[in-house]
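User: Hi! I'm new to this one, could you walk me through a few residues?
Analyst: Happy to, let's look at it together.

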Amino acid sequence: MILILKWLLSAGALLLIAYLYGGVQVASFGAALWAALVIGLLNAVLRPVLVVLTIPVTVITLGLFLFVINALMFWAASGLLSGFHVNGFGAALLGSLMYSALGVLINQALG
């Protein structure tokens, strides 16, 4: 039940980001649900591989490269879906920062 609630709240977070920031567009709540699912899957499957492969760069940048990886996951999800669009890498970086911040709030609210 908590997983479904987290998914719904993450979709709502994407809609909020699209409302607040013009660099991210979400066509509907259904598109936001799909986008939240794809972002979650990319973060669960692809992100750990990228983190391990980029350890030297991450160490050199004192962990700041992890923001780039998050932005790439956000941008990749927009490339896979038709109702979710991100206007370039800069928009993906800012959108992923906002999405991560809202994700932390969602996790804290759900315990």
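**Starting with Ser78**

Analyst: Leaving aside neighbours within four places in sequence, Ser78 is in contact with Phe84, His85 and Val86. Keep in mind that this is a predicted model.

User: Thanks! Where is Ser78 placed?
Analyst: Ser78 sits in helix α4, which covers residues 65–80.

User: Is Ser78 buried or exposed?
Analyst: Ser78 counts as buried because its relative accessibility is 9%, and the cut-off for buried is under 20%.

User: What does the side chain of Ser78 reach?
Analyst: The Ser78 side chain reaches the backbone oxygen of Trp75, at 2.7 Å.

User: Okay, new topic. What is phi of Leu62 near?
Analyst: Phi of Leu62 is near 55 degrees, a positive value in a residue that is not glycine.

User: Why point that out?
Analyst: Most residues other than glycine have a negative phi.

User: Got it. And where is Leu62?
Analyst: Leu62 is in the loop between α3 and α4.

User: Is Leu62 buried or exposed there?
Analyst: With a relative accessible area of 77%, Leu62 is exposed.

User: Let's switch to Val57. Which helix holds Val57?
Analyst: Val57 belongs to helix α3, residues 55–60.

User: Last one: how many Å separate the C-alpha atoms of Val57 and Gly103?
Analyst: Those C-alpha atoms are separated by 25 Å, and Val57 and Gly103 are 46 residues apart along the chain.

Notes
Residues are numbered from 1 along each chain as its sequence is written. This is a predicted model: local features need pLDDT of at least 70, side-chain atom pairs count only at pLDDT 80 or more; totals for chains, interfaces and linings use all residues. Side-chain values use heavy atoms; hydrogens and water are left out. Helices (H or I, at least four residues) and strands (E, at least two) are DSSP runs, numbered from the N terminus. Buried means under 20% relative accessible area, exposed over 50%, partly exposed in between (1.4 Å probe, protein chains only). A polar contact is a pair of N or O atoms within 3.5 Å; within protein, one must be able to donate a hydrogen and the other to accept it, and residues adjacent in sequence count only if both atoms are side-chain atoms. Contact means heavy atoms within 4.5 Å.
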